[in-house]
Amino acid sequence: MELEPQESTPSREVLGTGAHSKVFPWVVFTLIFGLMMSDYMSRQVLSSVFPVLKAEWDLSDSQLAALTSVVALMVGVLALPMSLLADRWGRVRSVVLMAVLWSVATILCAAAGNYSQLLGARFLLGFGEAAYASVGMAVMLGVFAPRLHASLSGAILGAAFFGSVVGVALGGVLADRLGWRAAFLVMAAFGLCLIILFRVLVNEQRLARHAADRPISGAPASGYGRAPISSLLTNASLTCAYVGAGIQFFVSGVLLAWLPSYFNRYHDMAATDAGLAASVFVLLIGAGTVLCGVAADRFGRRRPERRWSAAIAFAGIAMASLMVGFQLANGPVQMVLIGVGAFFCSGFSGATTAVVASLSHPSIRASALGVGVLANNVFGLALGPFVVGLLSDRLGLLGALQWVPLASVVSIVVLGLGMKLYPAGLRQLALVESKASGEASSVGADTLVSPG
């Protein structure tokens, strides 16, 4: 293989822009990680200014909730179609456009003069964030070997939890000292700085040169062709990965939404203290997402199918810990068990993301991950908090939380089925790749023999 000539200047090597530089993939990872944090910082900073908005604009709790729900709704509805568009239009351009949109929307939040304007800005924020997780992940995974996919996927997903904590904590400090509008402006500035760096350092050509397996640019690679979108919905093992992961996100979604209220109602904590206590458990969720992804890669280094086993094990540990923890009386043992459950409740996500990547053709990988984002929101992050709210009205919040770990039982069964079907899923993917490659070769031959 003939490599492009490299300049000998140190700056190219430091930034990883030379052909096959070992630095460039980590530059991509760092920027995608930072942008994921920016995504959730911009989304969650709103929670830190709820009390101020409620007092200043005389808002009801349902109006405040709508400001949060509209973002999740937009992400759930638009993740797949925007991922499909990114696979065709170009993933780098899509990442840039999405980050600019959510940063501008965050600035519009700061400029809002009334509730309707703020709701409109949050609508635009959700539009910008809709497919970033799937498209950004596809960009990052394309420049790393599959043996690292679970670790790196877990790290990127963990960035969402870290960004949530930073957004709430830093937003609260900024709102107290500089006013609530300043909190939004700082989050927007962070995102805009990162996207400038991303635009300067990353493009489709560099990604193609550093592809770990095959070209991943937005345009179809002539040597590999483009797989049909239908292949994402006809692979039974892939479907099990989507559904099993989405159902397990039911648990982590509930903890993110309801732990502050749990500590407030059942541990007699003031609202501020309850929020701080909950942030510790959110950090545990994020740390578990990262470290369990690393563990899944080590466990599946020689046998990638073992990532399924790792995901099932993490879900089982979370289920047992939370089931017992919410049954115990208040005390250190209960807190330790809930903490263990929080650590492992999202640990499966790096492994299942790696599985999705291994079962999807590179030409439609962003779309494959977009289906995963859709499933995570439909079955988990949106459904979980809503169902617990309904159960809480009948059983009380603690009674509702005691039932939540049972969702892991369903997730484990579905993931187990996916593991059993995994060899057949890989064979089906091989057929899809063969057909796409053959069609690409046929098109190339036709082009060569056509006149003009």
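Rings of Phe, Tyr and Trp (for Trp, the six-membered ring) form a pair if their centres lie within 6.5 Å; planes under 30 degrees apart count as stacked, over 60 as edge-to-face and the rest as tilted. By this rule the structure above holds 14 aromatic pairs. In the pair formed by Trp-102 and Tyr-132, the ring centres are 5.2 Å apart and the planes stand at 80 degrees, so this pair is edge-to-face. Trp-102 belongs to helix 5 (residues 91–111) and Tyr-132 to helix 7 (residues 132–141), so the pair ties together parts that are 30 residues apart in sequence. Helices (H or I, at least four residues) and strands (E, at least two) are DSSP runs, numbered from the N terminus.

The structure is a predicted model, in which local features need pLDDT of at least 70 and side-chain atom pairs count only at pLDDT 80 or more, while totals for chains, interfaces and linings use all residues. Residues are numbered from 1 along each chain as its sequence is written, and side-chain values use heavy atoms, with hydrogens and water left out.

The protein chain as a whole contains 19 helices and zero strands. Of its 452 residues, 53% are buried, where buried means under 20% relative accessible area, exposed means over 50%, and partly exposed lies in between (1.4 Å probe, protein chains only). Both Trp-102 and Tyr-132 are buried. A contact means heavy atoms within 4.5 Å. Among contacts between residues at least 6 apart in sequence, 81% join residues at least 24 apart.

The interior can be described through its nonpolar core, a set of buried Ala, Val, Leu, Ile, Met, Phe, Trp, Tyr and Cys residues joined through side-chain atoms within 4.5 Å. The largest such core has 131 residues, of which Leu-35, Leu-53, Met-140, Phe-198 and Val-202 touch the most other members. Helix 11 (residues 236–266) gives the most to this core, with 14 residues. When residues up to four places away in sequence are not counted, the neighbours that Leu-35 touches include Trp-102 and Tyr-132, together with Val-95, Ala-99, Gly-191, Leu-194, Ile-195 and Phe-198.

Helix 15 (residues 348–358) is mostly covered, as ten of its eleven residues are buried. Among the buried residues of helix 15 are Phe-348, Gly-350, Thr-352 and Val-356. Another buried residue is Ser-151, with a relative accessibility of 14%. Ser-151 is found in helix 8 (residues 149–178) and touches Gly-293, Val-294 and Asp-297, not counting residues up to four places away in sequence.

Ring pairs link Tyr-262, Phe-263, Tyr-266, Phe-281 and Phe-326 into a cluster. A charge sits over a ring if NZ of Lys or CZ of Arg is within 6 Å of the ring centre and within 35 degrees of the ring normal. The charged end of Arg-93 sits in this way over the ring of Trp-89, 4.7 Å from the ring centre. Likewise, the charged end of Arg-306 sits over the ring of Phe-299, at 5.5 Å from the ring centre.

Polar contacts are pairs of N or O atoms within 3.5 Å; within protein, one atom must be able to donate a hydrogen and the other to accept it, and residues adjacent in sequence count only if both atoms are side-chain atoms. Glu-204, in helix 10 (residues 204–209), is buried at 15% relative accessible area. A polar atom of the Glu-204 side chain lies 2.9 Å from the backbone nitrogen of Arg-91. The C-alpha atoms of Glu-204 and Val-92 are separated by 6.4 Å, although these residues are 112 residues apart along the chain. In helix 11, Asn-264 is partly exposed, with a relative accessible area of 35%. A polar atom of the Asn-264 side chain lies 2.8 Å from the backbone oxygen of Met-269.

Asp-268 is found in the loop between helix 11 and helix 12 (271–299). Asp-268 is exposed, with a relative accessible area of 72%, and its phi is near 55 degrees, a positive value in a residue other than glycine.

Cysteine residues complete the account. The structure holds zero disulfides, a disulfide being a pair of cysteine sulfur atoms within 2.5 Å. Cys-109 counts as buried at 1% relative accessibility, whereas Cys-193 counts as exposed at 52%.
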